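Colleague: Can you walk me through this model? I have a few quick questions.

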Amino acid sequence: MIDETLTMIPGPTPVHPRILAALARPTVSHVAPAFVKGFREALDAFRRLCQSESGQPFVVSGGGTLAMEMALVNVVAPGERLLVISHGYFGDRYAELAGAFGISCDVLRSEWGRAVPPEELARKLAAGSYAAVTITHVDTSTGTASPVEDYLRLLRGRDELVILDGVCATGGIDEPFDRWGIDVLLTAPQKAIAAPPGLALCLFSKRAMERRRSRASVPAYYADVNRWLAVMEDPGRYYSTPCVNEIVALGEALRIVHEEGLPARFKRHHRIATAMRAGLQALGLEIFTNAACCADTLSVVLLPKGVADADLRKETAARGVVLAGGLGPIAGKAFRLGHMGNIGVGEVAAVLEAIEESLRALGLAPAPGAAVSAAARHLAEVELVPALHR
Ligand SMILES: Cc1ncc(COP(=O)(O)O)c(C=O)c1O
């Protein structure tokens, strides 16, 4: 690789050379039979990643925010009511999106770093009804993993459609679409799927597609799933030119996901998260997110007293590890460390060593080797991504 920097931010995540090689294949016609076949396979692989038999996948050039918009505008009309469960910046984005489309919105908002208790949702649902409820599976600003199953238990049998934002979860955390009864799962390729950014990914249930079909129009053109449906059913058809290379790369990333197998992939993410946090805590660092709702895909870590965010991230970058800063109320108080996608033991050790050395360079005195040895117990159980270590 030309640049061997470890990009350990919560997306984009490191892209394996096998996926980069797929991205670099010659750009072909979007109706070339080989591309059409690959697109069809990628759609099917995405549906299988979501553990769905009958969900309708959509893969469209754009980003996670476009996927959020597609999920919303196709099932909630202007003037209807939306309930947003927000655990931070990206939950709040759903309230902003609703505002942009004249959708009236109630927000159940947790304190940053904590999850909205299911009882609060129960109270809200007892007091009224909504066209849909949005849940952010993992909010990338706070590192909070939602108690999705608890929320879904309360929503079962009701008319509200459930929209799950899986951008910081899909491919790293179990998200069984059919079994959970999700109506729209939206996500993006650049996090736990470990492909480059540039696509909006959605899976719509039968109920969600029926909701769209029941409307003559929606306040969107590019984001209207009805206009994309023919292409998703037959990727040889045209609506808007697909980003050919990105889709080939997504196909390769999803092949790697399925070669590893979903249970093994979720287990690896969990073990890496546990190892990473054990290592960080051995350095005297405190995790911002409440222990009851820490995500397996990233950690949000409070900065030690006297250490400036920019200084720490400059030191780790000098050691080849790029971290992300805090967002919103924790900007300057915390850093965010992504640990998802196709990473393994080597990356965990490299990150922990870089942070330990950086803290030392900034005048702190962590015990030498403390982080890696605290992580080692958990790392011993981390299995390699098989496809990438032949
Ligand atoms: C949970 C979550 N939802 C939505 C988004 C928006 O995705 P994008 O930046 O690709 O538009 C992000 C981006 O980080 C995210 O973390």
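**Ligand shell, domains and sheet**

Modeller: Gly 63, Gly 64, Thr 65, Thr 140 and Val 167 come nearest among the 14 residues around the ligand, where near means a C-beta atom, placed from the backbone, within 6 Å. This is a predicted model: local features need pLDDT of at least 70, side-chain atom pairs count only at pLDDT 80 or more, and totals for chains, interfaces and linings use all residues. Residues are numbered from 1 along each chain as its sequence is written.

Colleague: Which helix gives the most to that shell?

Modeller: Helix H3 (residues 64–73), with three residues. Helices (H or I, at least four residues) and strands (E, at least two) are DSSP runs, numbered from the N terminus.

Colleague: Switching topic, what are the domains?

Modeller: The assignment, automatic or from a database, gives domain 1 (17–259) and domain 2 (261–388). Their centres, taken over C-alpha atoms, are 28 Å apart.

Colleague: How many residues does the contact take from each domain?

Modeller: Domain 1 gives 24 residues and domain 2 gives 25; contact means C-beta atoms, placed from the backbone, within 7 Å. On the side of domain 1 that touches domain 2, H10 has the largest share, three residues.

Colleague: And the four-stranded open sheet, what is its order?

Modeller: E11-E12-E15-E14, with antiparallel pairing; strands pair if DSSP finds at least two bridges between them. The edge strands are E11 (286–287) and E14 (324–325).

Colleague: How many bridges join E12 to E15?

Modeller: Five, between E12 (residues 298–302) and E15 (residues 334–338). Leu 302 is opposite Ala 334 in E15.

How values were computed. Two residues are in contact if their C-beta atoms, placed from the backbone, lie within 7 Å.
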